[in-house]
Amino acid sequence: GYYDMFGDSLGRSDTMSSKVFVSSSSMRMDISPSSKEKELLVLLENFDEQVVIMTEYKIEALRLERLIKNRNVYMINGDVKKEIRPQVVNEFNKDPNGVVISTIAEGIDGLQTSQILINFDLCWTHTKMIQRLGRIERIGGQSNILSMIMLSDVDFDWRLWDIVQYKKELSDVTIDGVKST
């Protein structure tokens with residue numbers, strides 16, 4: 001299903017289910033796409049503009065890069081030197097249908113030409129989710145941004161969602177003295 005940063009449904013597909021893949025360097029890259037990966041490909045078919053995809057896992061980023069066939073993909077991960085990243089971002093900004101796949105939530109500037117952020121997976125903290133959004137929500141950027149989180153029907157995704165929401169509420173209470181709704 002797809003959920004925005006604060007948990008409101010954006011059109012959950014009750015028929016969606018996903019396989020669980022363990023992130024490891026030994027993961028085979030030639031296995032067939034998971035249903036979650038297939039859902040991402042369908043989403044990309046529906047957007048004819050720039051998209052930023054964030055994932056925690058390098059192996060997943062590499063899988064997604066290989067699966068996306070009909071668009072230019074720009075990879076930004078820990079293997080891309082800091083000096084090269086601005087060049088990758090500049091190339092992406094020139095491409096009206098480009099897709100950035102990144103495992104890095106901080107330290108990347110210039111992605112604000114995109115209006116769409118797809119969080120392929122969850123982070124362990126709400127703060128990192130906000131950092132991901134901050135890559136495209138900048139002064140001088142687009143005013144209407146669509147931010148999605150892809151969750152599978154696997155229990156782990158929902159448990160992690162609950163943990164992230166709990167941490168967000170705890171942070172809100174600690175900082176503001178008010179529980180968020």
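Visitor: In β4, which residue is the bridge partner of Tyr74?
Guide: This is a predicted model. Strand β3 covers residues 73-76 and pairs with β4 in the parallel sense, over four bridges. Tyr74 has its bridge partner in β4, and that partner is Val100.

Visitor: Which residue stands opposite Ile53 in β4?
Guide: Strand β2, residues 51-54, also pairs with β4. The sense is parallel, and the pairing runs over four bridges. Opposite Ile53 stands Ile101.

Visitor: Which residues of β4 are buried on the side of Val99, and which on the other?
Guide: In a regular strand the side chains alternate between the two faces of the sheet. Strand β4 spans residues 99-102, and both of its faces are covered. Val99 and Ile101 are buried on one side; buried on the other are Val100 and Ser102.

Visitor: Are α1 and α2 parallel or oblique to each other?
Guide: Helix α1 holds residues 35-45 and helix α2 residues 58-67. Their axes come within 11 Å and cross at roughly 50°. Angles under 35 degrees would count as roughly parallel, and 65 to 115 as roughly perpendicular. The two helices are therefore oblique.

Visitor: Is that crossing of α1 and α2 left-handed or right-handed, and which residues make the contact?
Guide: The crossing is right-handed. From α1, the contact uses Glu37, Leu40 and Leu41. From α2 come Glu60, Arg63, Leu64 and Leu67.

Visitor: What covers the buried residues of α2?
Guide: The buried residues of α2 are Ile59, Glu60, Ala61, Arg63, Leu64 and Leu67. Among the elements that cover them are α1, β2, β3 and β4.

Visitor: Does Gln131 count as buried, partly exposed or exposed?
Guide: Gln131 lies in helix α4, residues 126-134. Its C-alpha atom is separated by 9.4 Å from that of Ile104, 27 residues apart along the chain. Buried means under 20% relative accessible area and exposed over 50%. Gln131 has 31% relative accessibility, so it counts as partly exposed.

Visitor: In what order do the elements of the chain run from the N terminus on?
Guide: The chain has five helices and six strands. Of its 181 residues, 45% count as buried. Among contacts between residues at least 6 apart in sequence, 70% join residues at least 24 apart. The elements run β-α-β-α-β-α-β-β-α-β-α.

Definitions and conventions
Residues numbered from 1 in each chain as written. Predicted model: local features only at pLDDT ≥ 70, side-chain atom pairs only at ≥ 80, totals over all residues. Heavy atoms only, no water. Buried < 20%, exposed > 50% of the residue type's maximum accessible area, 1.4 Å probe, protein only. Pairing = 2+ DSSP bridges. Axes fitted to C-alpha atoms, helices over the stretch in contact; angles between N-to-C directions. Parallel < 35°, antiparallel > 145°, perpendicular 65-115°, else oblique. Left-handed = near helix turned anticlockwise from the far one by under 90°. Contact = heavy atoms within 4.5 Å.
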